[in-house]
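Reader: I would like to go through a protein model step by step. Please show it to me first.

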Amino acid sequence: MTEPRVRPDPAFALLGLYETALPEVYGYLLSRCGDRTLAEELTSETFLGAVAACRKEYAPPVSTGWLIGVARHKLADHWRRLEREERGLRLVHDSEPDVDDPWDEQLDALRARQVLESLGPHHRAALTLRYVDGLGVPEVAGHLGRSVHATEALLVRARAAFRRAYQEKEGRDA
C-alpha cells in the first residue's frame with residue numbers, strides 16, 4: 001500500500017515573491033488612488049485574492065506582473081462599488097456633453113492629479129485605466145464591466161468633466 005502524496009500549497013509561491021512584490025503592488029495602487037489607507041486595503045485584498053487564485057486548478061504562474069493585474073482588478077472593483085453608491089444617491093443625472101474633444105493643451109501634472117482625484121469614481125476609473133495605465137477601450141470596458149460603446153461614451157463624459165475641472169482649477173490657481 002502506497003502512502004498518499006501531499007501536494008504543497010501553491011500559495012507558497014507567493015511567499016517567496018511577497019517581499020519584492022509588495023512595494024510594487026502598493027506603489028501601483030497608491031499612484032492611482034492617491035490614498036494611503038485605500039492603497040493598503042487594496043494591497044491586502046490583492047494578496048488575499050492572489051492566494052485564492054493560486055489554489056485554483058488552472059492557476060496562472062505567480063509573478064509581480066500578475067499581481068499588478070490582480071491589483072488593477074481590485075482597484076476597478078473599488079471604483080465600481082463607489083460608482084454604484086454614488087449612483088444610488090444621485091437624484092438628477094448629468095446632461096450629455098458635446099462629443100467634440102479638440103483639447104490639445106499641455107497639462108500640469110500636479111494639477112492633473114488633483115483634478116483626477118476630485119472626479120467621481122466612474123470618471124476617475126475610466127480615465128486612469130485608459131490614460132494612466134494605457135489600456136485600450138475594450139480592456140477598460142472589461143475592467144469596468146461595461147460595453148465598449150458605453151465605455152466610449154463614459155470616456156467622452158469623463159474627459160469633458162476633467163477638462164472643466166482642470167480649467168476651473170487653473171483659473172483659481174492663476
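Reader: Where is the place of Glu40?

Author: This is a predicted model, where local features need pLDDT of at least 70, side-chain atom pairs count only at pLDDT 80 or more, and totals for chains, interfaces and linings use all residues. Residues are numbered from 1 along each chain as its sequence is written, and side-chain values use heavy atoms, with hydrogens and water left out. Helices are DSSP runs (H or I, at least four residues), and strands are runs of E (at least two), numbered from the N terminus. Glu40 has its place in helix α2, residues 36-54.

Reader: Is Glu40 buried, partly exposed or exposed?

Author: Buried means under 20% relative accessible area, exposed over 50%, and partly exposed in between (1.4 Å probe, protein chains only). The relative accessible area of Glu40 is 48%, so Glu40 is partly exposed.

Reader: Which residues of helix α4 are buried?

Author: Helix α4 covers residues 109-118. On its other side, Ala109, Leu110 and Ser118 are exposed. The buried residues are Arg111, Ala112, Val115 and Leu116.

Reader: Why do the buried residues of α4 line one face of the helix?

Author: Look down the axis of α4. The arc is taken from the directions from the helix axis to the C-beta atoms. The buried residues line one face because they fall within an arc of 135 degrees.

Reader: Which residue does Arg72 form a salt bridge with?

Author: A salt bridge is a side-chain nitrogen of Lys or Arg within 4 Å of a carboxyl oxygen of Asp or Glu. Here the closest N and O atoms are 3.3 Å apart. Arg72 is in helix α3 (residues 64-89), and its partner sits in the loop between α5 and α6, 61 residues apart. That partner is Asp133.

Reader: Which residues are linked with Arg72 in a network of salt bridges?

Author: Asp133 also meets Arg32 in a salt bridge, at 2.4 Å, N to O. That pair links distant parts of the chain, with Arg32 in helix α1 (residues 12-33), 101 residues apart from Asp133. Asp133 counts as buried at 16%, and Arg32 at 18%. The residues linked with Arg72 are Arg32 and Asp133.

Reader: What separates Arg80 and Asp77 along helix α3?

Author: Their side chains meet in a salt bridge (2.2 Å, N to O). Arg80 is partly exposed at 22%, and Asp77 at 28%. The two are 3 residues apart in α3, so the separation is about one helical turn.
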